[in-house]
Amino acid sequence: MALDGIVTANLVSELNKRILNARISKIAQPERDELLFTLKGQTGQQRLAMSASASLPFLYLTEQNKPSPMTAPNFCMLLRKHIANGRILKISQPSLERIIQFEIEHLDDLGDVCRKLLIIELMGKHSNIIFCKEDFTIIDSIKHISANISSVREVLPGRTYFIPETMQKQNPFHASRESFFHTVFDKPESIGKAIYSSYTGISPVIANEICCRAGIDGDFSTHSLSEEEKLHLYHHYDWLLSDVKEEKFQPNIIYNDKEPIEFASFHLDEYQDMTSADYDSISKVLETYYASRNVYTRIRQKSFDLRRIVTTALERNKKKYTLQKKQLKDTEKREKYRIYGELLNTYGYGLAEGEKQLKALNYYTNETIVIPLDDQLSASENAKKYFDRYGKLKRTYEALSTLIEETKEEIEHLESISASLDIAVSEDDLVQIREELMDFGYIRKKFGSKKAKIKSKPFHYISSDGFHMYVGKNNYQNDELTFHFATGNDWWFHAKGMPGSHVIVKSDGEELPDRTFEEAGKLAGFYSKGRDNEKVEIDYLQKKNVKKPNKSAPGFVVYYTNYSLTIHPDISDIKQLS
């Protein structure tokens, strides 16, 4: 979720409580489009980070420091000249725009008191940090926007700063019932879109949340609502905006499993089936969310090449498997040719020259069949021809049967590697996966390259009853856990019939409680291709009954006696140690 007007209002509220009247003691520009202020006030020293990045604009209070370049950029030097040791007099947000204005008091070169404006626009690719005089004349900005770049507004020294009204959106605080009805319900589009396209600062997520609280599907047409439903929707809109005015914020992050997918300043009913973590600070929400998202984004970027290699190999092998199965089906007629040959040898002695077919009793079925003949060949020559066809198809069948089994095993192996990529959480986790792809020829090994140092370790959980549970992150770890780490009486878990991790529960010679079996089953289901399913069937047995066939791929095992359980793969209540 991008920073919308409501999150911005939450930020302004927090900043007014924590840094109003604070002095700016240090100004740094650690990145090309990022600033870091060190502030000193009644609550002590604090840091304010802000970024005009097109992909990830932000502003929040943080405890983290960042190294600065040896030579400060020009914009940073300009701010130091004007507002170093300045005092923040006012922090405001125009309307519900994604804009925060800092009014800063400082002394000029002659020692006279002056005021300047620092304006942070958190508007996606249009984000900027603009430094102005008190009358909104632009002194400079972290990004210069000329007329060649934007026909709407120039952001250059000497120009007058203004907020462009390109979307013709209205101030959401000024919406009466009558204007809301006219503005929203006269639009021939979905209800959610009609709301967020009509009012400043309201994102699609908040528009859908208003619909959700009103019990209305935001994808429905505005013309589909009754007058009573329209009034009900307006009331929920008004109540939410009242909470913004009264600063009744509840900062939180919504997680899908352990991945952060959304943040908001209110609890979102539309995500009530997911996990929500509450915070007492919107700054902490933004810092945590962006840090967590960066981890997932970085891993996806780092694993992109590996995923492409695995996906390409999978597609190729699946096409090959389909073709081989079709060719195998064509060999099913081989037995017919063998019978034709046998019957020709049995009954062909009375065949007249030039005959094009032979009717004969099939002594295998006691039915009369018609055998097509080449009239240029004798009965024995026709029989030899059919036996040759049978032999060729038999050899093809035997070869294809072996090839199909090999292709199937390769597909299963690649799918298990794909599952390993899905659960990788760090760059170290990708090292072993890359090693496996090189060992099996999917990635060419560089001549003279050294084997990578393995730092990745299995996931480590502890059950509610105190038993340690380990989850392999890839095939090599699965083999290591099952055949080197686990002892004979430890318990082994795996999702039935699908790629997934091996889960080992260390029993230490004790009998496992039912709850531990269930929690280990949840881990096996979650770390498998079935993690998004409502139910997953899990096989489990003692490790001593798990066997590894000779020359089989990493992670591949066989077992002949096992127990089964069916679980919902939710591990949110299981404690992770590492």
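Buried means under 20% relative accessible area. With a relative accessible area of 13%, F517 is therefore buried. That's a handy way into this structure, which is a predicted model, so every value here is computed from it rather than taken from an experiment.

**Aromatic pairs**

Let's stay with F517 for a moment. Its ring pairs with the ring of F493: the centres are 6.1 Å apart and the planes are at 50°, so the pair is tilted. The two residues come from distant parts of the chain, with F493 in strand 17 and F517 in helix 13 (residues 514-526), 24 residues apart. F493 is buried too, because its relative accessible area is 0%.

How many aromatic pairs does a search of the whole structure find? The count is 30. Among them is another tilted pair, W491 with Y563, at 6.2 Å centre to centre and 45° between the planes. This pair also links distant parts of the chain: W491 belongs to strand 17 (residues 491-495), while Y563 belongs to strand 20 (residues 563-567), 72 residues apart. At a relative accessible area of 13%, W491 is buried. Elsewhere, one aromatic cluster is formed by F180, F181, F185, Y199, Y234 and Y237.

| Charged end | Ring | Distance from ring centre |
|---|---|---|
| R334 | Y397 | 3.9 Å |
| R389 | Y337 | 5.4 Å |

One spot to look for is Y470, whose bridge partner in strand 18 is I504.

**The second largest pocket**

Helix 10 provides the largest share, 6 residues.

Another part of the chain worth a look is strand 10 (residues 252-256). It's mostly covered, with 4 of its 5 residues buried. Strand 10 pairs with strand 11 (residues 259-264) in the antiparallel sense, over 5 bridges. Within that pairing, N256 has E259 in strand 11 as its bridge partner. The two strands make a hairpin with 2 residues between them, and in it D257 takes a positive phi near 60°.

Strand 10 also has strand 12 (residues 275-278) as a partner: 4 bridges join them, and they run antiparallel. Here I253 has A277 in strand 12 as its bridge partner. While you're looking at strands, keep in mind that in a regular strand the side chains alternate between the two faces of the sheet.

**Two loop residues with positive phi**

Finally, two loop residues. N85 isn't a glycine, yet it has a positive phi of about 70°. You'll find N85 in the loop between helix 2 (74-83) and strand 5 (87-92). Is N85 buried or exposed? It counts as exposed, because its relative accessibility is 53% and the cut-off for exposed is over 50%.

F136 is not a glycine either, and its positive phi is about 75°. This residue lies in the loop between strand 8 (128-133) and strand 9 (138-141). At 29% relative accessibility, F136 counts as partly exposed.

How values were computed. Residues are numbered from 1 along each chain as its sequence is written. This is a predicted model: local features need pLDDT of at least 70, side-chain atom pairs count only at pLDDT 80 or more; totals for chains, interfaces and linings use all residues. Side-chain values use heavy atoms; hydrogens and water are left out. Rings of Phe, Tyr and Trp (its six-membered ring) pair if their centres lie within 6.5 Å; planes under 30 degrees apart count as stacked, over 60 as edge-to-face and the rest as tilted. Buried means under 20% relative accessible area, exposed over 50%, partly exposed in between (1.4 Å probe, protein chains only). A charge sits over a ring if NZ of Lys or CZ of Arg is within 6 Å of the ring centre and within 35 degrees of the ring normal. Two strands pair if DSSP finds at least two bridges between them.
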